[in-house]
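Please consult the sequence and structure shown below while reading.

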Amino acid sequence: MSDLQTPASPPQAGAASSDAPSLATAAADASSAQATGGRTFLPRNTLLRHLVVLVIGAVLAVLLLESTDLGFNAQIGYVAFYAIAAGGLTVLTGLNGQISLGHGALMAVGGYTTALLLDAEEPLPLAVVFLIAVALTSVVGAIVGVAAARLHGPYLAGATLALAVGLPGLALYFSDTLGGEQGLTVSTPDRPDWFVETIRTLSGNSASGVKWIAYIAVACLLLTYFLLANLMRSRVGRTWRAVRDQEVAAELAGINLGAWRVTAFVVSAAAAGLAGAVLALVVRLTAPTAFTIVLSLSLLTAIVIGGLGSLFGALIGSALLVFLPRYLRDLGESFDMDAAQAAEISYVVYGVILVLVMLFAPAGLVGSVRLAWMKQRARRTAARARG
């Protein structure tokens, strides 16, 4: 999904690297038309443009899922739930400027809610289960958001870190209901007949349970990014940017800073709840070990590597989280390492790559590419003005 946001003034060429966070969000805030010099093949109407991108994304997803094996389909499911949560965190951190280290705990709320509802004697339709998981996580996000509305920077990070550490522990306290350390096994819904027939007609492939879950995960990802992209381009998104960039000016303009920060937290929590629900289906298990602080840090890493404030950057960062360690592990095994050594080396190399990205692309991958394009465009404009 494209990260098409409110136009912002492009940064000047040669800006200091210490301004990387602000440059990253400035690049993400720039619309596609602005970043490409005003030329775009997409409609200029925001809703229509995002609908076109949604359809293109759906077509590409079908082609990808039908042209790859079941193992890759399962990995796409992992990318989907990471990207959904990272998209919500992009709204909170990249758009509103609040740092959260507790989104793994919010995903746990959605995951456990989904597991409990699907394990009922007469389970509700999957769409209803997802809506309940999103609603419940939004309520938790509102409570946390109200408590943290006056906190900034490391204080907010510390408060949400406590959430990430403490909330999954409730599964141990309520072990009779939530399964304790072993967690809950998730009962995945059966494939509907229309899905089996559609897949057979489209590609001639068999519609396995893994493929069905992958399609559900991708559909949730596309819908989430469509809604978030429109929200980020709306008056709500512009208000969040004002709160992020100019608190004093926003307050003087009559904007209630606390209320808008809570709103951003609720939207981000809703995305995390859906991500947790999708994780429960993909992994087929909800346990405290799946929602540790490592998950929250991984989500923050995804949006920083991809580019703050960019939905496409969140998607790229999530894909790297899933595929890069696996690729490095396979590469290590090809050099006659055993599985344990290859796994350890893969994370070391992965960490080195992240450090290199931060050093040479401090605005994130998407942000750095867009900044380079905008700087090149500014140079061409200056050259034409001098000539």
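Rings of Phe, Tyr and Trp (its six-membered ring) are taken to pair if their centres lie within 6.5 Å; planes under 30 degrees apart count as stacked, over 60 as edge-to-face and the rest as tilted. By this rule, the count of aromatic pairs comes to nine. The model is predicted, so local features need pLDDT of at least 70 and side-chain atom pairs count only at pLDDT 80 or more, while totals for chains, interfaces and linings use all residues. Residues are numbered from 1 along each chain as its sequence is written, and side-chain values use heavy atoms, with hydrogens and water left out.

Two of the ring pairs are tabulated here.

| Pair | Centre to centre | Angle between planes | Class |
|---|---|---|---|
| W194 and W212 | 6.2 Å | 85 degrees | edge-to-face |
| F195 and Y215 | 5.4 Å | 75 degrees | edge-to-face |

W194 belongs to helix α10 (residues 193-203) and W212 to helix α11 (residues 209-233), 18 residues apart; helices (H or I, at least four residues) and strands (E, at least two) are DSSP runs, numbered from the N terminus. Since F195 lies in helix α10 and Y215 in helix α11, their pair ties together parts that are 20 residues apart in sequence. Ring pairs join W194, F195, W212 and Y215 into a cluster.

Burial is judged by relative accessible area: buried means under 20%, exposed over 50% and partly exposed in between (1.4 Å probe, protein chains only). W194 counts as exposed because its relative accessibility is 56%, whereas W212 is buried, at 12%. F195 and Y215 are both buried.

T239 is located in helix α12 (residues 235-245) and, at 8% relative accessibility, counts as buried. Leaving aside residues up to four places away in sequence, T239 touches I255 and W260, where contact means heavy atoms within 4.5 Å. The C-alpha atoms of T239 and W260 are 7.8 Å apart, although 21 residues separate them along the chain.

The UniProt record, an unreviewed entry, places the feature "transmembrane region" at several spans, including residues 71-92 and 124-148; its positions follow the numbering used here, feature names are shortened, and annotations may be inferred rather than shown by experiment. In the model, residues 71-92 are 100% helix and 0% strand, with end C-alpha atoms 32 Å apart. Residues 124-148 are 92% helix and 0% strand, and their end C-alpha atoms lie 34 Å apart.
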